[in-house]
Amino acid sequence: MTRPALPLRLALLAATAFAASPLHAQSLGYENVEGDGPSAGNSSSRSSGGTGARTTVRPYIEAVQNVLWELAPGDEVLTYSSLAAGVDVSLQGRRTEGAISVRYERRISQSDRVADGDTLSGLARVRHDLIPRTLSVEAGALATRSNIGVGGASALNALANNDAVSQIYSLYAGPALSTHMGDVALSASYLVGYNRLEQENVLQGSAGQPLNDIFDDSVVQSAQISAGVAPGTVLPVGVTASGSYFQEDISNLDQRVRDLRGGVQVTYPVTQSLAVVGAIGYEDVEISSRDAVRDGNGVAVVGSDGRFVTDKSQPRQLAYETDGLTWDAGVMWRPSRRTALSAFVGRRYDSTTYYGSFSYVPDARSQLTIAASDNVSGFGGQVTRALRDLPTDFEVTRNPFNGQIGGCANGSQAGGCVNNALSSVSSAVFRARSINGSYSRQIGRMTAGIGAGYIRRSFIARADSVLGAANGVIDESYYVSAGLNGPIDRRSSFAISAYSAWFEPGSSNLGSTTAIGANASYFRNLTDRLAASAAVGIDSFNQTLLEDQTIASGLVGLRYSF
C-alpha cells in the first residue's frame, strides 16, 4: 500500500479540524549534570536491544521545610513542613510513547494559618500502538490545585495558606484507527473523559447564595470518523467525508452539551506543499439543563457544597439550539516535516468562526507551537481538549514550593498549555474562542521557554433558570509564563520561572483578578542519590472584591532518588 500523497494527508488533518476544532516552563533541576548527578544512579530502565526502545522510571522521596512571609493583607511569618513521594516515567518504545509524573505531598502545619493537608498532583500522556500505523489507544490524566476567586476566576500556583483552594482532576482514554481500503483513506477515533473539581471552602454571597456556582464534575465523549481519496486518484481534487460527535454531561443542574456535525470537504493541491480546502456541512447543536430546587419563597436552594441543588423532578429544558448548513474555507501548508500551518474561516454556531494552528521545529534545539480554537463546552470539555493536545514526551514543570505542575508542557516536536482551560471554573456552559502559544529553546546547556494565551468565554444558559444571569455574559482570561533552567557546574543546577494571569469577568460588579509570581531555585547533588535544594519566591493574588494576598516564600529540602 503506497503512502497517501501530501495533499491527502493535509486534507485528512483538515477533516479532523472541521469535525471538532482543536486546540514553560521550568523543570525541577534534579537532572543529571555532566554524568555525576543523582540520575546517574537513581533510575531503573529497561531497554530492548537494538530497537531503541527504552523505559525510564525515577521514583523519589522528599522532605522540605517551608517558610512564608505574609506581606499582605497582614505581616506574619508562617512555617510548615512537607513530605512527598513521587515518580517520573519516560516511555520510548517501538509501540509505546509517553510520559508520567505523579507526586503525593503531605503538608504538616507549624502555624495556625497553614492547614494540614494532602495533595496529589501529576500529568500523564501515553500512546500505544495495538497495530502499528493502524490502531492505537491513548490516555491522559491531570491533577492539580488552583486558587478560586469571585466570578469563577481560577489561577494555578495555589498559596499554601489560601482557603479558596480547589483540587482539579481530569482523565481520558480512547482508541484511534487509521487505515486504507484501496484508494480510500479511513480514520476514526473515540474518547471518553471525566473531570472533577473538589472545593473545600466555598465562597458565599448574600443570603447564602454562592458568589459563583462552581463546577462539580462532568463526563465528556468525543468521536470522529472520515473517509477520503487523494487528489489525482478518483478525481483531480481530493474529497473527504467526515462526521463528529461531542457530548458533555455536567452534574451542575444536569447541563448537557451535544454537538453533532457532518460534511464534505474538497482539497485542491496548489503545489506539493500547499493545499486550498473548502467544505460544506450540517450542524445540530443543543444545550439543555434543569433548574434548581426552589424554596417556598421561590429562592434557589444551595447545598452544603455551595452549589445549586438540581431539581430532578422537572424535565430538561433547552437553553440553546441551532441546526443548519455550515461552511469552512482555508489553506494548509507543509513545506517540510519541520513546518506546518493551517488557517480556516467558516460559519458555525450561527456566526463566523476562525481557527487554525502553526508549528515550527527548525532544529533539535527549539520548537514553536500556536493553536487557535472555537468550540462550545463546559469546564470539563475544555480541560479534556487541552490535556489531549499536550505532547506525549513532555518535560514536567513543578512549582518548587508546592510541587504543583505548571500550566505548560513542551516536547521535542510540540508544546501545549492548559492555562486557558483552567482559568475559570464556573459551572455554566460557554462558547470558547482561544489562542495558545508556546516556545522553547536550548541555549547552550540551558533550556528557556515561554507560554502565553487568551480565552474569551460567552456563557449560555436559560434566561428563566437560576443560571439565567450568566446567559450572554462574556469573560476573558490572559496568561503568560516563562522559565529558564540549566547546570551551573558538574554537581549543581538552577531554575528560574515567572508567571502572570489576568481574569476579566463579564459582570462589572465582580471586579478583575490578577495572579503574578516568580521563583528561583538552586539544586546540589550531594551523592549519586541524594540532592539538596533551596528556593525563594513571591506570589500575589489580587481581587477587586476580596483582600489582596502577597506572600514571599523560602525553602530548603532534600530529595532521595531510588
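Which of the 32 residues in the largest nonpolar core touch the most other members?

## The largest nonpolar core

In this predicted model, the residues of the largest nonpolar core that touch the most other members are L123 and F379, out of 32 in the set. Two or more residues each come to this core from the strands β6 (135–148), β8 (165–181), β9 (184–199), β11 (238–250) and β13 (274–289), and likewise from α2 and from α3 (419–422). The most is given by α2, which supplies 4 residues.

Helix α2 spans residues 379–388 and is largely enclosed by the rest of the structure, because 9 of its 10 residues are buried. The buried positions run through F379, G380, G381, Q382, V383, T384, R385, A386 and L387.

When neighbours within four places in sequence are left aside, L123 is in contact with A99, I100 and S101, with A141 and L142, and also with L387, L390, F394, I405 and A409. L387, one of these contacts of L123, is also among the buried residues of α2.

## A nonpolar patch on the surface

On the surface, V67, W69, L71, V77 and I538 form a nonpolar patch whose members together have about 430 Å² of accessible area. Strand β2 (residues 53–72) gives the most to the patch, with 3 residues, whereas V77 lies in strand β3 (residues 76–92). V77 has a relative accessibility of 54% and therefore counts as exposed, the cut-off for that class being over 50%.

Terms used
Residues are numbered from 1 along each chain as its sequence is written. This is a predicted model: local features need pLDDT of at least 70, side-chain atom pairs count only at pLDDT 80 or more; totals for chains, interfaces and linings use all residues. Side-chain values use heavy atoms; hydrogens and water are left out. Buried means under 20% relative accessible area, exposed over 50%, partly exposed in between (1.4 Å probe, protein chains only). A nonpolar core is a set of buried Ala, Val, Leu, Ile, Met, Phe, Trp, Tyr and Cys residues joined through side-chain atoms within 4.5 Å. Contact means heavy atoms within 4.5 Å. Patches are made of residues with over 30% relative accessible area and no salt bridge: like charges are joined within 9 Å, nonpolar side chains (Val, Leu, Ile, Met, Phe, Trp, Tyr) within 5 Å. Accessible areas come from the Shrake-Rupley method with a 1.4 Å probe; for residues, only the protein chains shown count as cover. A salt bridge is a side-chain nitrogen of Lys or Arg within 4 Å of a carboxyl oxygen of Asp or Glu.
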